Amino acid sequence: MHGGSTWAEEAPLDFSDNSNPLGPPAGFWEALREAVERGVHRRFPAHLAEEVLSQYEGLPVTLFNGATEALLYALLELRPRRVLTVWPTYGDYQRVAELLGVPLRQVPPWGLKSAGGGDVVILCNPNNPTGAYLPRDWVVDTARRLEARGARLLVDESFIDFARGESAAPDVAVVKSYGKFLAAPGLRVGALLFKPSRPPPWRINSFADYALWRLGPEALRRHREKTLEYIAEEKPRVVNKLRRCAPVAPSWVHFHIVFSDPPPGVKVRPLWDKGVRGFRFSLRTPAENNVLVHAVCRHVR
């Protein structure tokens, strides 16, 4: 099960999609329309978006068609004997490990001490679905401890743009998604925040490549700040109202776990498959968030 809906679905209010509640950056849709009018799909990508995102991140970025593809190439680079993940977390780690024919073990945070030679530990930070964030110093120190035992750490920072946190790159190998931050997951924009030895020649579609190039790094920085400001204002309001009806886990980002059965009338992300009796919701507009609060509280009572 995965959050979000396809373009072919008639979904109710979708709080399962943890894309940016503000939508895309200003000018992004206009850049996409311009890309269609120019017919960029008739040509190969120029990978100019890599230059933009490298300036945005302040370090080298290698783009891929989504974070899952980037994760696949990261593991091909690291060549794990076994993969360990801190549970509960993002489910595609299991699928990628199976694709590579590598066993995957799910462990609690203290289970990282069991990592040894040839193991690769994947840490989602901030974590999906819990929203927990570990400080950069802790992550870098953990990576060094793992390396001393012959293991490697790979950090998935797909939601770090929704938290006032600091990336572990370049001290630690990092994979990242930009689709959720851009509120355009269908464009499939993911990256490694390092240069792999054998990246594929065509790593991103021409529409996303053109739109990000037209947007530029400063527009992305402005959008991140606006996003963080919105989350800081709207999240406490929504969480405080929900906590009158059901327990809500703390989170550093724009999505939370509610320990209750999913309410009818809205779409949320049930977490039974992760061993959690609850669901994840993600912020939308204030009016839509009010609908979620009403649905949850009416259902619980």
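**Charged pairs and a disulfide**

Guide: Start with Asp-119, which is buried, with a relative accessible area of 1%. Buried means under 20% relative accessible area, exposed means over 50%, and partly exposed is in between (1.4 Å probe, protein chains only). This is a predicted model: local features need pLDDT of at least 70, side-chain atom pairs count only at pLDDT 80 or more, and totals for chains, interfaces and linings use all residues. Residues are numbered from 1 along each chain as its sequence is written, and side-chain values use heavy atoms, with hydrogens and water left out.

Visitor: Which side chain does Asp-119 meet in a salt bridge?
Guide: Arg-81, at 3.1 Å, N to O. A salt bridge is a side-chain nitrogen of Lys or Arg within 4 Å of a carboxyl oxygen of Asp or Glu. Arg-81 lies in the loop between helix 3 (67-78) and strand 3 (82-86), and Asp-119 in strand 5 (residues 119-124), so the pair ties together parts that are 38 residues apart in sequence. Helices (H or I, at least four residues) and strands (E, at least two) are DSSP runs, numbered from the N terminus.

Visitor: Why would such side chains pair?
Guide: Side chains of opposite charge can pair when their charged atoms come close.

Visitor: How many salt bridges are there?
Guide: By this rule, 17. One of them joins the side chains of Glu-34 and Arg-214, at 2.9 Å, N to O. Glu-34 sits in helix 1 (residues 28-38) and Arg-214 in helix 6 (residues 206-215), so this pair ties together parts 180 residues apart in sequence. Glu-34 is partly exposed at 25% relative accessibility. Arg-214 is partly exposed too, with a relative accessible area of 44%.

Visitor: What about Asp-92 and Arg-95?
Guide: They form a salt bridge, with the closest N and O atoms 2.8 Å apart. Both lie in helix 4 (residues 92-100), three residues apart, about one turn of the helix. Asp-92 is buried at 8% relative accessible area, whereas Arg-95 is exposed at 52%.

Visitor: Which residues are linked in a network of salt bridges?
Guide: Glu-57, Asp-161, Lys-176 and Arg-224.

Visitor: And Glu-157, is it buried or exposed?
Guide: Glu-157 is buried, yet has no salt bridge. The nearest side chain of opposite charge is Lys-176, 5.9 Å away. For charge, Lys and Arg count as positive and Asp and Glu as negative; His and the chain ends are not counted.

Visitor: Where is Glu-157 found?
Guide: In the loop between strand 6 (152-156) and strand 7 (173-177). Leaving aside neighbours within four places in sequence, Glu-157 is in contact (heavy atoms within 4.5 Å) with residues including Asn-125, Val-174 and Leu-193.

Visitor: New topic. How many disulfides does the structure hold?
Guide: One. A disulfide is a pair of cysteine sulfur atoms within 2.5 Å. Here Cys-245 and Cys-297 form the link, with their sulfur atoms 1.9 Å apart. The link is right-handed, with 95° about the S-S bond. Cys-245 lies in the loop between helix 7 and strand 9, and Cys-297 in helix 8 (residues 286-300), so the pair ties together parts 52 residues apart in sequence.

Visitor: Are those two cysteines buried or exposed?
Guide: Cys-245 is buried at 13% relative accessible area. Cys-297 is buried at 8%.
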